[in-house]
Amino acid sequence: MKGASVRRLLRLLMLPLAALALAALAVLSVGAPGAHAATDVSTVAAALRDSPVYVDPAASDLLSSADAEALADKIEDADEPIFVAVLPADQPAQNLFRNLRTETGVTGLYAVRLGDRFDARADSSVLSPQTVENLVTAVQGAGDPKAQLNDFVDDALRSNPGGTAPSSWSDGGDEGVDAGALAATGAVVAAGGVGAYALVRRSRRKKEEERRAALAKLAVVVDEDITAFGEELERLDFHPAEAGADDAMRADYERALDAYEKAKSLMAATTRPEEVRAVTQTLEDGRFSLAQLAARREGRPLPERRAPCFFDPRHGPSVADVPWTPGVGAEREVPVCAADQARLADGRDPMIREVETVSGGRRPYWDAGPAYGPWAGGYYGGGLLPGLLVGTMLGSMMATPSYAAMYGSGYGDFGAASGYDGGDVSGGDFNTDDFSGGFGGGDFGGGGDFGGGGDFGGF
């Protein structure tokens, strides 16, 4: 059986007995033959932490054990954080997705077949709400649960969800398993399970290697920024006790010094590309403090808080927005420093920050690859960045779900990511808005009617 782990093979052997036991408990709990007591969400969540597919005993007519195992194999072999639950129609639906996500505690895409109804939710670091809505709409017409769930998973895999499968699907969890059962499945495991496990581990190692390579490139650029900021502090040559210094100047200087030390500390502790955003945001705060200090010493009006120069954040806060057209793309207004404003007015090229690309050459940061997104995001923030980068290589990459998994959030919520990739254990630390709504209210399953005008999250 391709892709089956030891634990999953044992589940297959023990599934009939477990199903009978759960069904018997359900009957006893209501005291009447044929009645069904709703399965606690924590039970569903515990099963999903062990396998990507759970079928409630009372919903076994919707998806057979063999079909559930085949679907689980597909998800595990793809190494993606996709969870599927098949539940009976009378399962309580109020806050079902939010509660299921909380109890499972793993970042991912959650799909639920509830009787003849189907819906899904996902953490935004895995798939955007719009993508999930489109995936659900595409399979709403499929009445057969097997076809619907397989089509949904296939479509979701093609959407390149962020992250990897949770380690709990392949690591540990076999304590207390009967030794005879392990022996009975050993040959199968040796033939297929170990190979599949190795593929999963290789996939994760590849992604980690890509992250490390991206972080290495970012480290060079950020170190240059930190060094440049330190040199600005020295050139300013401010002494808190100098003649004319007042408390406001000293406060500006102290904030700038704190920003310098904090940026160095943050960068030293950075282990993921997306964490660089906090470093460059700190540097930008420090540069603004220096600009305020310089204005106070020279008796000029205090500067307006503006974004840094688009062409190179080391130029300091911008003084104006001017029209500019990249090599490929439409004209847009970008914030520029006084020096670049003068160059553009004279018909000259601005002083553009060039960085190292994957291929080894140097290009403007917006054409050098996706790794520089967190760096730019710290300087320009979520509201400004999309408009500045539209039509550029970096802008196009940042708009994809796969970008969020590797380098942080995209345009919709840049900088708002929880810090958890798909498959990471987050417990209850997740954005509940991603899992808002439920199956109630009469909005569900009406041929693609998601509660008014396609507002998927509002029901």
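**A tyrosine and its strands**

Mentor: The side chain of Tyr110 has a polar atom 2.6 Å from the backbone oxygen of Val106. A polar contact is a pair of N or O atoms within 3.5 Å; within protein, one must be able to donate a hydrogen and the other to accept it, and residues adjacent in sequence count only if both atoms are side-chain atoms. This is a predicted model: local features need pLDDT of at least 70, side-chain atom pairs count only at pLDDT 80 or more, and totals for chains, interfaces and linings use all residues. Residues are numbered from 1 along each chain as its sequence is written, and side-chain values use heavy atoms, with hydrogens and water left out.

Trainee: Is Tyr110 buried or exposed?
Mentor: Tyr110 is buried, at 1% relative accessible area. Buried means under 20%, exposed over 50%, partly exposed in between (1.4 Å probe, protein chains only).

Trainee: Which strand is Tyr110 in?
Mentor: Tyr110 lies in β3. Strands (E, at least two residues) are DSSP runs, numbered from the N terminus.

Trainee: How do β3 and β4 pair?
Mentor: Antiparallel, over six bridges. Strands pair if DSSP finds at least two bridges between them.

Trainee: What about the turn?
Mentor: Two residues separate β3 and β4 in the hairpin. Gly115 in that turn has a positive phi of about 65 degrees.

Trainee: Why is β4 largely enclosed?
Mentor: Five of its six residues are buried, so the rest of the structure largely encloses β4.

Definitions and conventions
Helix = DSSP H or I, 4+ residues; strand = E, 2+ residues; numbered from the N terminus.
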